[in-house]
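Good morning, colleagues. Please have the model in view as I speak.

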Amino acid sequence: MAQESPKNSAAEIPVTSNGEVDDSHEHGFNRDLKRSLPAGLGLSETQITSHGFDSTKEGVIEAGSFQGGQRTQTKSGPVILADEIKNPAMEKLELVRKWSLNTYKCTRQIISEKLGRGSRTVDLELEAQIDILRDNKKKYENILRLAQTLSTQLFQMVHTQRQLGDAFADLSLKSLELHEEFGYNADTQKLLAKNGETLLGAINFFIASVNTLVNKTIEDTLMTVKQYESARIEYDAYRTDLEELNLGPRDANTLPKIEQSQHLFQAHKEKYDKMRNDVSIKLKFLEENKVKVLHNQLVLFHNAIAAYFAGNQKQLEQTLKQFHIKLKTPGVDAPSWLEEQ
């Protein structure tokens, strides 16, 4: 008696009347699985596909993002930032890059000029005027140092004469036999001290005026000259770059570089022309101002020295009045309005 083999539900494969595998159970399983998952949890939709036993392929599980029962796919791609969004750090980095490139070009130009390999733009007339100005500045500084030394020595001499006059005056009161002799010497030393103070005022006024001319007016012009020389170096550096690019091949890669170099060269040429014009104007005004200032100061110095050593006190005082110089005596208060009237 034949025994029926035990049935295993896991091994049963339903077949339709046409001999095809019935997958209605598979769809029902998937539908029940979907129902068992709560909606809106962002879980992935899972579909299990079975194949026949004669297939060499294994089961395939397809997954996708579950949003409202629809499957959506996430697309990845490059992120493009808007032009309006600018990063300050990137702007600073770009400024540093431009500064470094400009410094490199200028340094290379300076080294090539010192080695005699590079060419430089020279304005012969302007360069000659600048050399004369620098040479004159050194000479004026020497005159200024000597005048300051003379002022210091004269101050010490006036101080000594004043003390000597006081000593003579004291002895004239205590020595009856030499009263007149000590008195004459006391008056002479006090007069010399007074004239020395007047001369000292004229010399200090001369020093102050020359110091302003040398350390302010001429120095301001030389600062403009330094800016002009820096602009000249930049101009020559970018000119050399443009010449080297023009000597090379012209293709799709080099033409944008040549165009950019031409633009930079033109910008630095305009800056160089502007600075050269500024230097020319300042040199012209400086020469006119220098002649006027030094003329007055040299006349003052000469007249004051001549009147002092000639013993002409009236002429010495007249010289100070001519140049509107007011002496300030230490320890003496200003006169009251009654005394002035």
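Asp 135 is partly exposed, its relative accessible area being 37%; here buried means under 20% relative accessible area, exposed over 50%, and partly exposed in between, with a 1.4 Å probe and protein chains only. This is a predicted model, in which local features need pLDDT of at least 70 and side-chain atom pairs count only at pLDDT 80 or more, while totals for chains, interfaces and linings use all residues. Residues are numbered from 1 along each chain as its sequence is written, and side-chain values use heavy atoms, with hydrogens and water left out.

The partner of Asp 135 is Lys 139: the two form a salt bridge whose closest N and O atoms are 3.2 Å apart. By salt bridge I mean a side-chain nitrogen of Lys or Arg within 4 Å of a carboxyl oxygen of Asp or Glu. Why can these two meet? They lie 4 residues apart in helix H3 (residues 124–174), so about one helical turn separates them. Helices (H or I, at least four residues) and strands (E, at least two) are DSSP runs, numbered from the N terminus. Lys 139 is also partly exposed, at 49%.

A second salt bridge joins Glu 219 and Lys 137, with 3.6 Å from N to O. This pair links distant parts of the chain, since Glu 219 belongs to helix H4 (residues 179–247) and Lys 137 to helix H3, 82 residues apart.

Let us turn to helix H5. Asp 273 and Arg 276 form a salt bridge there, 3.2 Å from N to O. Both sit in H5 (residues 254–309), 3 residues apart, and are therefore separated by about one helical turn. Asp 273 is partly exposed at 27%, and Arg 276 is partly exposed at 28%. A search of the whole structure finds 18 salt bridges.

What else does Arg 276 touch, leaving aside residues up to four places away in sequence? Its contacts, meaning heavy atoms within 4.5 Å, are Asp 123, Leu 126 and Tyr 228.

On the H5 side the contact includes Leu 300 and Tyr 308, and on the H6 side Leu 316 and Thr 319. The residues of this contact divide into 5 nonpolar, 4 polar and no charged. In that count, Ala, Val, Leu, Ile, Met, Phe, Trp, Tyr, Cys and Pro are nonpolar, Asp, Glu, Lys and Arg are charged, and the others, Gly among them, are polar.

Finally, the whole chain. It has 7 helices and 3 strands, in the order α-β-β-β-α-α-α-α-α-α. Of its 341 residues, 26% count as buried.
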